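Subject: Structure handover

Hello,

Here is the structure for you to open. My notes follow below it.

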2 protein chains.
Amino acid sequence: MSSCVVLFSGGLDSTTALYWARKSYGRLEALTFDYGQRHRVEVVLAARTASRLGLKSFVLAVDLAAVGASALTDPSIPVPELDALPGDAPLPSATYVPFRNGVFLSLAAAWAEARGIGDIVCGFNTLDSPDYPDTRSEFVRAMEQAVRLGTKAGARGAAPRIIAPFLNLKKSAIIRLGLELQADYSQSVSCYRGEEVPCGRCTACLLRRRAFEEAGRPDPLLLRLEKEGKI
Amino acid sequence: MSSCVVLFSGGLDSTTALYWARKSYGRLEALTFDYGQRHRVEVVLAARTASRLGLKSFVLAVDLAAVGASALTDPSIPVPELDALPGDAPLPSATYVPFRNGVFLSLAAAWAEARGIGDIVCGFNTLDSPDYPDTRSEFVRAMEQAVRLGTKAGARGAAPRIIAPFLNLKKSAIIRLGLELQADYSQSVSCYRGEEVPCGRCTACLLRRRAFEEAGRPDPLLLRLEKEGKI
């Protein structure tokens, strides 16, 4: 039976990856990282989503707050707020978490090897935020090679593969795909500030808004919050 | 000024790497992982050694016990005990920790990038225990490539390098080098069982004993314990 572990933060991309993987694999586990993130609410919501889907989900702790150097892991660094996305200019770099996906993929590789899981599935995409190097195809392939060479599973030709099905999709296309798969985005959280009601001004909020606009669909998270009288 | 972070577990190899790096770098930090290891005593001893040398040292927590599948991270899996090393046969695989060095190098890369550190130094060596894939040269080079492609530092040509000076040395040669560098091995711990007095029967103890025998030197740890009346 084909098996995978999904890097599941509970955001838009990884929620879509989870629904995508449900259709593609016989056995699936969701892995969420509790890494000292400011928006730790995502850990709770991710577990809730996985549980609603009847999936096995796990939380793995790694202290990237000790590493710091990012607005997402160091509370003294403010989350940049913008009126609009900066167009062709790079996104603010304060929310870059040093080598975060390298750490996550390494841990997922350890997880997969330990549990005899064949694939690591992640929702990485790069078209909407091209200045995050640890979501690019070249990086994913290099990590896969490192996993192949650095695991006992690799030595017997059974290293976990890294499957990133959305690498070449815009976020709006990911959303459209997710909606086809009946993904429930009403519980998904993107905002870096980590409140229940998204701030609307961090880059994660702005990218999310633009993606739903491009997809021509309302954001189910905002619809839910409105219904609940929270916005 | 040249700078490095040393992967410092407090064992023989990384203790030697620490002394080696002290001679080679103007700025040095020691990084120890608290990963749920059975022999957690190494975390305390590593900090003590670094402090005696007047070095900056840090402990980073990552929960490999949640990953398990190793006698070093799952207390229900016994540490294999042998009368002697198995010669040309593989070492027992129960003490292999899935992709441990992949996780450690990823975290060290994050650490180095966050703090503007140039190199990651590690004491990996493979001649005495060739069946641990995550200490081999090919793996180290693949991880370095992943770090180059997956960091913002890499995008500006300043990715942390991974320096593994002992890759082609036997453990006995590492010890001889360390003794030339006046490394203090009396506080270094290797035993997987994690007691103050080494068990003498796990593979780490057996490899250590053979290496000191080959180097023609007594083990300073045993000399100290003898002096303190503990063995």
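Start with two helices. In chain B, helix H1 (residues 12–24) packs against helix H6 (residues 171–180) at an angle of about 40 degrees, with the axes 9 Å apart. Helices (H or I, at least four residues) and strands (E, at least two) are DSSP runs, numbered from the N terminus. Axes are lines fitted to C-alpha atoms, for helices over the stretch in contact, and angles run from 0 to 180 degrees between N-to-C directions. H1(B) and H6(B) are therefore oblique to each other (under 35 degrees counts as roughly parallel, over 145 as roughly antiparallel, 65 to 115 as roughly perpendicular, the rest as oblique).

Who meets whom? From H1(B) come Leu12(B), Asp13(B), Thr15(B), Thr16(B) and Tyr19(B); they meet Lys171(B), Ile174(B), Ile175(B), Leu177(B) and Gly178(B) in H6(B). Contact means C-beta atoms, placed from the backbone, within 7 Å. The residues of this contact divide into five nonpolar, three polar and two charged (Ala, Val, Leu, Ile, Met, Phe, Trp, Tyr, Cys and Pro count as nonpolar; Asp, Glu, Lys and Arg as charged; the others, Gly among them, as polar).

Two points on provenance. This is a predicted model: local features need pLDDT of at least 70, side-chain atom pairs count only at pLDDT 80 or more, and totals for chains, interfaces and linings use all residues. Residues are numbered from 1 along each chain as its sequence is written, while chains are lettered from A and ligands numbered from 1 in the order in which they are written.

Next, the sheet. Five strands of chain B form an open sheet in the order S3-S2-S1-S4-S5, with parallel pairing. Strands pair if DSSP finds at least two bridges between them. S3 (56–61) and S5 (161–163) of chain B stand at the edges with a single partner strand each, so one side of each has no neighbour in the sheet. S1 (residues 3–7) and S2 (residues 27–34) of chain B pair over five bridges. Val6(B) stands opposite Ala30(B) in S2(B). Helix H3 (residues 100–115) of chain B lies across S1, S2, S3, S4 and S5 of chain B, at about 155 degrees to S1(B).

Last, the two chains. The contact takes 39 residues from chain A and 40 residues from chain B. On the chain A side, H3(A) gives the largest share, 10 residues. That side divides into 24 nonpolar, nine polar and six charged residues.

Best wishes

Notes. Contact = placed C-beta atoms within 7 Å.
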